[in-house]
Amino acid sequence: MTTTLTKGPYKADHVGSFLRPERIKEARVLHQNGDITREQLRNIEDEEITRLVEKQKEAGLQAVTDGEFRRAWWHFDFLSQLEGVELYETDAGIQFNGVQTKAHGIKVVGKLDFSDHPMLEDYKFLHDLAGDHVAKFTIPSPNMLFFRGTIDEKVYPDKDEFFNDLITVYQKAIQAFYDAGCRYLQLDDTAWAVFFSEKGQEQIAAKGYSMDELLERFTRAINESIAKKPEDMVITMHICRGNFKSSYTASGGYDNASEYIFGKLKVDGLFLEFDDERSGGFEPLRHVNRQDLQIVLGLITSKFGELEDSELIKERIREASQYVPLDQICLSPQCGFSSTEEGNLLTEEQQWEKIRHVVSIANEVLK
């Protein structure tokens, strides 16, 4: 059972990425070794994405994604293909709780621009598969390049010039995806997590910012990037504390940034992590001041296979509804299942059980 299609986010929704099938993983290795062509790899990706979209429909989802099957990273693959940006090998990977990623990073080496980005073709393929469902596409937030990227000061000696160019790039990107048919776009953003803990606040200081200055910058980056979006296009944002092999990078509630996240951002919906105590309570939701802002509660974890107790999830939805009306609440997993190609530590069947769980609970409580 599904509710009537409207615009996203939907009462039962999801963040976007799914566990990569072994066939894709094997094909990637073959391509890296020169044993199959890029075209052969893409054909395999096409076939697996087609299967994935059908599975999403069967599970009762109204928005379908390509699972990020063509990507190794949720953010680097998009950002490194912007003009003026390169992927490079770093001295060490990103440190998560007990595990480290591959040693890659992004750097700005030339003036930024957006043109002929390969992910536009990725979207078009998904769009054609969606049929009477809605094709949702995910890209990293502009804050990921602004705060996480290395910027060559010879190219951008002026921080404001870089910032203005970045916003222009995202305005172009949003229009290009719209022209390709996209009406549901999601900005993924782990940078907001620096406000949630003391460790993060130390990172802010090390970058030479005050908390207030960076909050203003982050908010402006989002709001100005989406300022020219067409009226019939939905843009949401997912705020994440890290997701790699079922681990994380950050902890802490939304409190320190809640007035900006819930009161000043102009996105249509917010996908929020609320799957364990690291995410804090629902009290920051009191700053929601718009009736048209959808709050997507990530109460079902994508990190582990064990299924949550339905009654406990329903109770948590009721708790959240003390701060936000029920008609503004949606339900989803707290993050994707595979933010990088390695994926989280659960099986594909457990992944689909999680999705069906979201749909079942949402149909019961959020109709």
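Which residues does W192 touch, not counting residues up to four places away in sequence? I started my notebook with that one, keeping in mind that this is a predicted model.

**Entry 1: W192 and the cores.** I looked up W192 and found that it touches N143, L215, F218, T219, M237, I239, A257, Y260, I261 and L265, leaving out residues up to four places away in sequence. I then checked the largest nonpolar core, which has 108 residues, and there W192 and L270 have the most contacts inside it. Helix α6, residues 159-179, gives the most to this core, with eleven residues. I also came across a second, separate core of nine residues, V15, A63, F271 and C330 among them. A handy reminder for myself: in soluble globular proteins, nonpolar side chains tend to be buried together.

Entry 2: Next I traced an open sheet of three strands, in the order β2-β5-β7 and with mixed pairing. β2 (83-89) and β7 (150-151) stand at the edges with a single partner strand each, so one side of each has no neighbour in the sheet. β2 and β5 (residues 104-113) run antiparallel and are joined by six bridges. Here I spotted V85 opposite V108 in β5.

**Entry 3: Q328.** Is Q328 buried or exposed? I noted a relative accessibility of 5%, and buried means under 20%, so Q328 counts as buried. I found Q328 in the loop between α10 (310-320) and β12 (329-333). Setting aside neighbours within four places in sequence, Q328 is in contact with K11, V288, R290, Q291, D292, L293, Q294 and I295.

Technical notes: Residues are numbered from 1 along each chain as its sequence is written. This is a predicted model: local features need pLDDT of at least 70, side-chain atom pairs count only at pLDDT 80 or more; totals for chains, interfaces and linings use all residues. Side-chain values use heavy atoms; hydrogens and water are left out. Helices (H or I, at least four residues) and strands (E, at least two) are DSSP runs, numbered from the N terminus. Buried means under 20% relative accessible area, exposed over 50%, partly exposed in between (1.4 Å probe, protein chains only). Contact means heavy atoms within 4.5 Å. A nonpolar core is a set of buried Ala, Val, Leu, Ile, Met, Phe, Trp, Tyr and Cys residues joined through side-chain atoms within 4.5 Å. Two strands pair if DSSP finds at least two bridges between them.
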